Amino acid sequence: MSRRPNTRTLLVVWHSASGGTRALVEAAVDGASDPAIDEIGALVEVRMVEALHAEVEDVLDADGFLLATPENFGYMSGALKVFFDRTYYPCLDHTRGKPYRLVVKAGGDGAGAVDAVVPLAAGLGWRPAGEPLVVKGEVNDGHTDAARELGGSLAAGLALDLW
Ligand SMILES: Cc1cc2nc3c(=O)[nH]c(=O)nc-3n(C[C@H](O)[C@H](O)[C@H](O)COP(=O)(O)O)c2cc1C
């Protein structure tokens, strides 16, 4: 994939069955796409790819990651697990040091999904650029505001090469 010079790519890998996670992802992408971010440093291209369609090349081409999943059966969604199954080893040692954030949408405390994703990201050598955002219950404006801020701060860090 060709990249414009002085561009950073934020890859958003997400899954949502009933729309809750998707609402958070869309808010995060909105925050990451704030035109003001492009004024402060490198241009940030945001790529939102559903987990079942995200490929190894998408990961290798990215400078940072936003992972978003519901908690299903005490774990990350099957779709995000399949994403890691397909990309983990081909990307191992090629994406170390890159920043990521995690968004979990759950009915309860989301700890099972967080505890599933964080060790895999650590195994890849990805660096957490902040705490996971865990949203319990119905998505409200406070949740989407938090997701928007998360996306904005991750993109701003990429624009400034902070991570
Ligand atoms: C099959 C299934 C399993 C679930 N398992 C859990 C769970 O283990 N823990 C939890 O907190 N919520 C669980 N939930 C609730 C979902 O995390 C919650 O409905 C979430 O908002 C779904 O996200 P989505 O709207 O993006 O699909 C489960 C929901 C489904 C459909």
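Which residue just after helix 4 takes a positive phi? D93 does, at about 75°. The model is predicted: local features need pLDDT of at least 70, side-chain atom pairs count only at pLDDT 80 or more, and totals for chains, interfaces and linings use all residues. Residues are numbered from 1 along each chain as its sequence is written.

**View 1. Helix 4, residues 78-91.** Helices are DSSP runs of H or I with at least four residues, strands are runs of E with at least two, and both are numbered from the N terminus. The 14 residues of helix 4 reach 19 Å from first to last C-alpha, close to the expected 20 Å (1.5 Å times one less than the number of residues). At D85 helix 4 bends by about 30°, the angle between axes fitted to the seven residues ending there and the seven starting there.

**View 2. Buried residues of helix 4.** A79, L80, F83, F84, T87 and C91 are buried (20 or more other C-beta atoms within 10 Å of the residue's own; exposed means 12 or fewer, partly exposed in between; C-beta atoms are placed from the backbone). The buried residues pack against elements including strand 1 (7-14), helix 3 (56-60) and helix 5 (111-124), with contact meaning C-beta atoms, placed from the backbone, within 7 Å.

**View 3. M48 in strand 2, residues 43-50.** M48 is partly exposed because 19 other C-beta atoms lie within 10 Å. Leaving out residues up to four places away in sequence, M48 touches V12, W14, V25 and V29. M48 and V29 are 19 residues apart in sequence and 7.8 Å apart in space, C-alpha to C-alpha.

Definitions and conventions
Two residues are in contact if their C-beta atoms, placed from the backbone, lie within 7 Å.
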